[in-house]
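Take a look at the sequence and the 3D structure shown here. The briefing below walks through the main points, topic by topic.

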There are 2 protein chains.
Amino acid sequence: MTGQVRTVDGRVAGRRGQATRQKLLDCLSEMLSTEPYRDVKVIDVARKAGTSPATFYQYFPDVEGAVLELAEEMATEGASLTDLVAGRSWAGKSGWQTAEELVDGFLGFWRKHDAILRVVDLGAAEGDKRFYKIRMKILNAVTNSLTDAVKELQSKGKVDKDVSPAAMAGSLVAMLAAVAAHQKGFQSWGVKQAELKPSLALLVHLGITGKKPTK
Amino acid sequence: MTGQVRTVDGRVAGRRGQATRQKLLDCLSEMLSTEPYRDVKVIDVARKAGTSPATFYQYFPDVEGAVLELAEEMATEGASLTDLVAGRSWAGKSGWQTAEELVDGFLGFWRKHDAILRVVDLGAAEGDKRFYKIRMKILNAVTNSLTDAVKELQSKGKVDKDVSPAAMAGSLVAMLAAVAAHQKGFQSWGVKQAELKPSLALLVHLGITGKKPTK
DNA sequence: TACTTGTCCTGTCATGCCGTCAGCTTACCG
DNA sequence: CGGTAAGCTGACGGCATGACAGGACAAGTA
């Protein structure tokens, strides 16, 4: 699927080249989690990786290009988020469990990749289609599954027909993403994770099934 | 409350100075809505305002400093968001109306200030306390009111005791903020505003009262 | 009108990052 | 051993940054 890794000027990267490239990505990733995106400079990344700026430009057009690469990587891993919803039951006790595990898995994924996700979020909000696409790729994994769940419940007459499945699923996923992005903020405000998760799970359950969960 | 406007080197700004300062802020605001935050340069803002970079540095320490100024301005205006919740009823039809108007007001405010809010969001997510404080100031207006609403309904026995009012309110507000921030994204994905708002209002109503609304 | 005072703006400069290129070193292969 | 392509870097013009000193300007005073 993905062709060979290539340098900006078209050469195919060999073993050594790929290693250098990866090292640059690793350093960039680390820098993103320790200082503002706006202040990340090519020269700093290069220095940290023990190489020169010119080398950086051999593998990436600019910082944004490298960030996109990191984001793609993460998005691929994010495909596994589908498993949090697909094929699960929303009835009775297992419905509550489904909601809880979805919240748990989502927050965990976000915490793991928070630095790069921040930048993706910004890019998407600024209207950059490339970032938006990546964001969709991650969120769609969950959104589509949730949309299907609502549709199915609707067809069984268990959920009001006037709810738009896509809009409901989208809203819930946006909520999860937002809370996940500001986890630290919530904490410093006095709201503990232990309280946050049940609220989120409750909202997810209410939104999908329209009913209070049986725990 | 706010003392006199001062330049970086301590002089008090007169009428002309304040006008220049404001013009710089206006131009910065406009630039933020037309290009990525990362690419906004002092020299561009100055050029746009018909002045020189040196003038910019007389009023602001850097771009971030100026953005903070814009954000403070907006936060002050955002205090009026409290009115969307304070003193409203959550019972019966008026409860549904409260939810609808909250969603409407919130999305409107966000759309009006989307450019600056993006940057505030990023700053907050990156852990910058100054931005986080501003974000709180805006969201708290709504969050606190919602928290009170939940507490009151709990005391009347209408809502389960095991729900944390703060966590629930915080989650809902985070959802509204997130959806608001990605309004354009939703649209381009095929979800229309007309479908989005009812879903959000429904979730708000469900979250606060625990019950389906009567429309 | 000429002078004074304080505000306001800009020309200029040292510094540092950006992005590119030519050219050197290294690795692989016949 | 020589050829070829990959891999890396020093160096350079260009531009943004941030500081300063000094000029332009408005308003009050004699």
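## Surface and fold

Chain A exposes about 10100 Å², and carbon and sulfur atoms supply 51% of that area. Accessible areas come from the Shrake-Rupley method with a 1.4 Å probe; for residues, only the protein chains shown count as cover. This is a predicted model: local features need pLDDT of at least 70, side-chain atom pairs count only at pLDDT 80 or more, and totals for chains, interfaces and linings use all residues. Residues are numbered from 1 along each chain as its sequence is written, chains are lettered from A and ligands numbered from 1 in the order in which they are written, and side-chain values use heavy atoms, leaving out hydrogens and water.

**Overall build of chain A**

- Chain A has 10 helices and zero strands. Both are DSSP runs, numbered from the N terminus: helices are H or I with at least four residues, strands are E with at least two.
- From the N terminus on, the order reads α-α-α-α-α-α-α-α-α-α.
- The C-alpha atoms of chain A fill a box of roughly 60 × 40 × 30 Å along the principal axes.
- Of the 215 residues in chain A, 53% are buried. Buried means under 20% relative accessible area, exposed means over 50%, and partly exposed lies in between (1.4 Å probe, protein chains only).
- Take the contacts in chain A (heavy atoms within 4.5 Å) with a separation of 6 or more: residues 24 or more positions apart account for 67% of them.

**Charge**

- Chain A carries 30 positive and 25 negative side chains. Lys and Arg count as positive, Asp and Glu as negative; His and the chain ends are not counted.
- The centres of the two sets lie 2 Å apart. Each charge is placed at NZ of Lys, CZ of Arg, CG of Asp or CD of Glu.

**Cysteines**

- The whole structure has zero disulfides over all chains. The test is a pair of cysteine sulfur atoms within 2.5 Å.
- A:Cys27 counts as buried because its relative accessibility is 9%.
- B:Cys27 is also buried, with a relative accessible area of 8%.

**UniProt features of chain A**

- UniProt places "domain: HTH tetR-type" (unreviewed entry) at residues 18-78. This span is 74% helix and 0% strand, and its end C-alpha atoms lie 23 Å apart.
- UniProt lists "DNA-binding region" (unreviewed entry) at residues 41-60. Here the span is 70% helix and 0% strand, with end C-alpha atoms 13 Å apart.
- Such annotations may be inferred rather than shown by experiment; positions use the numbering here, and feature names are shortened.

**A glycine in chain B**

- B:Gly87 sits in the loop between helix H4 (63-78) and helix H5 (92-112) of chain B.
- B:Gly87 counts as exposed because its relative accessibility is 87%.
- B:Gly87 and B:Ser145 are 58 residues apart in sequence and 8.6 Å apart in space, C-alpha to C-alpha.
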